[in-house]
Amino acid sequence: MKLLTHNLLSSHVRGVGPRGFPLRLQATEVRINPVEFNPDFVARMIPKVEWAALLEAAETVRTLPHARVHLPGEWGGGEWSHRQPRARGGTPGDDLGLCPQLHLVEVPKGPIEGYEHDEKFLRQMHHVLLEVDVLEGTLQCPESGRLFPISRGIPNMLLSDEETET
Amino acid sequence: MAEESKRAGSESGPACQAAAAADAAESSLPAAEVAPRSSRAEEQGGKCVFCRIAGRREPSTELLPCENEDLVCFKDIKPAAPHHYLVVPKKHLGNCRELKKDHIELVESMVAVGKTILERNNFTDFKNARMGFHMPPFCSISHLHLHVLAPVDQLGFLSKLVYRVNSYWFITEIKSLLSLFGGQFISSQETYGKSPFWILSIPSEDIARNLMKRTVCAKSIFELWGHGKSPEELYSSLKNYPVEKMVPFLHSDSTYKIKIHTFNKTLTQEEKVKRIDALEFLPFEGKVNLKKPQHIFSVLEDYGLDPNCIPENPHNIYFGRWIADGQRELIESYSVKKRHFIGNTSMDAGLSFIMANHGKVKENDIVFDPFVGTGGLLIASAHFGAYVCGTDIDYNTVHGLGKASRKNQKWRGPDENIRANLRQYGLEKYYLDVLVSDASKPSWRKGTYFDAIITDPPYGIRESTRRTGSQKEIPKGMEKCPESHVPVSLSYHLSDMFFDLLNFAAETLVLGGRLVYWLPVYTPEYTEEMVPWHPCLKLISNCEQKLSSHTSRRLITMEKVKKFEDRDQYSHLLSDHFLPYQGHNSFREKYFSGVTKRIAKEEKSSQE
């Protein structure tokens, strides 16, 4: 699940309404997935982004332990769903154990003036919105606490019978 | 789907039924007649935009001064020429087919007003002006209106399209594409389903090329230089074509070649050469290059549509300069036969491209499919450069697990999921996300972020219509399926589903965004009122495809024209225009009703 999608999702548990946004992200496995940079598309998305929610989600991914983040090139692309993450030795100087890619890339705090032409800004946003893929984790409704699981990168938003809004 | 559906968009035209219609009105009568009830209904409902303009109830349209009390005049909102006005009678008359002898005076006065308007705007060369009515189904609004256009020579060149598919489908696809590129077309002839050729005027060659880069219905487009019903007529028409328009493509530094295409007949090489020689009178000065010419000219001969009755002489002959080919090879390259991941109801490749064109999908759009299944519709949109996402209630399909839909294959392999499908065509970068979700209970925050919603909802025949619901409604004996995490689902009445879909589209589409979906229909009971309605969405087109003798499905295209307000979700309760799509609740029973009748007949006859 990309952080762009997370930014658009809201809980629809009965009675929750607009307080169901944003869903609290807990990620247990994340993959950094290189995607071709398209500045026009990223520029189009900027006005639709809810920044507070995005920053919160990016922070939870950033503070993920090193071993739970898969970087590009680990097993040469292709299917990842049936494999386990390889054990990794720590890089020298990296005792914080934080996700290195996101650590290097600063997440902008908000849209800046003239962002449509600012390539650095757009590349940062591109990385945060489209290249961070949450493989396993949960999304939690902020109001009711209900958990929606994410497995194999796909969130399951189905509610059980009792919770359905009538 | 039944076998007929696979043939849609392919060479065998007869499998698809044509239902000609103007934008807002739909009629099940043959193309030549237009149902007058549609125009009356519009007028009564105050829905006719020209009635509103004439009654000065439309503040955004400025009325130009007009001496005649019964007429009004205003500028066309999508001008096809530097001067483009519309002259409209205040009284509501349908389209030009409803004109009778007593209307002669009215039409003459409309023409006079048109001339006055041009004069007033400093245009006096009336030979260079054109006035006329559109023939249905080319009229966008079924309130009589006279187009006044000038100057005509700046209108753009005449081009001709060759197409193979049922023409009504083709026309609606081209209309959607042209509105995407900001062009308008003018057609001077009526054709639907009869001829594979169509003559239309398009403002520029660039728009024609852009059109061809998208259309799956059209084979090629040519700049028309001459045409006629016989070789002599063709040659005289060619002699009338202005030489200065020919010369840029014929000068001595260029290379060219001439091709002869015949439809429904084969010619020998000698016959073809004879025809090429007959064109010697044209001022060709360049060199012939058969391998890689700069310009290709074509002679197209139309020998009709009946392969059992081929005439000696062609019905029509056309000569033109080839501009571009359409995208028909996409149907083969994206064919479902070769796709990695398919389901029972995966959409035919050709139809998925037509749907993407109806949705006016363009680069950097976001396209959403709430009933994504195996992602067939997403692939077409991704091909045109849109970023795609989808949801489905079925956990197994979204994850790519479970039993395979292919013959000879038991279970799905690891490479069978929606993402892998996009990867197969090199479109993985356009994959945003898919979710397991119930389309009747969407989990998106408030806002407008989809540029198009293109979907094929379940009809309840091969895939069941389901939604999540409360315990009380569940019939006894249904068990939860632990592995797929799907809560018990209950039957989802089709009418509710379309109502939910339209509401969802009205809420989440950007203004001007399109909703494209299939509506299953029990043909004997179908009326145009059954097409679901919403105050924020305008019906753009309604194309029929037959599934069986008594059922068909309709491709509905709607465009969001009004911002969504909370009260809009209850509009169907207040409006008496909206007759619920009730018949469809038992679509499944009606679909199989033919089968039960036949079984009963067989039993009866075996007893005798």
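Visitor: How much accessible surface does chain A have, and what share of it belongs to carbon and sulfur atoms?

Guide: Accessible areas come from the Shrake-Rupley method with a 1.4 Å probe, and for residues only the protein chains shown count as cover. For chain A the total is about 7,800 Å², and carbon and sulfur atoms account for 52% of this surface. The model is predicted, so local features need pLDDT of at least 70 and side-chain atom pairs count only at pLDDT 80 or more, while totals for chains, interfaces and linings use all residues; side-chain values use heavy atoms, with hydrogens and water left out. Residues are numbered from 1 along each chain as its sequence is written, with chains lettered from A and ligands numbered from 1 in the order in which they are written.

Visitor: What percentage of the residues in chain A are buried?

Guide: Buried means under 20% relative accessible area, exposed over 50%, and partly exposed in between (1.4 Å probe, protein chains only). In chain A, 53% of the 166 residues are buried.

Visitor: Which residues of helix α6 of chain B are buried?

Guide: Helices (H or I, at least four residues) and strands (E, at least two) are DSSP runs, numbered from the N terminus. An α-helix has 3.6 residues a turn, so residues three or four places apart point the same way. In α6 (residues 205-214) of chain B, the buried residues are I207(B), A208(B), L211(B), M212(B) and R214(B). Because they cover an arc of only 165° around the axis, they lie on the same side of α6(B); the arc is that of the directions from the helix axis to the C-beta atoms. On the other side of α6(B), D206(B) and K213(B) are exposed.

Visitor: How many salt bridges does the structure hold over all chains?

Guide: Side chains of opposite charge can pair when their charged atoms come close. A salt bridge is a side-chain nitrogen of Lys or Arg within 4 Å of a carboxyl oxygen of Asp or Glu. Over all chains there are 22. One of them pairs K429(B) with E36(A) (3.0 Å, N to O). K429(B) is in the loop between α14 and β15 of chain B and E36(A) in the loop between β1 and α2 of chain A, so the pair joins two chains.

Visitor: Where in chain B are R275(B) and E301(B)?

Guide: R275(B) forms a salt bridge with E301(B), with the closest N and O atoms 2.7 Å apart. R275(B) is in helix α9 and E301(B) in strand β11, 26 residues apart. R275(B) is partly exposed at 21%, whereas E301(B) is buried at 3%.
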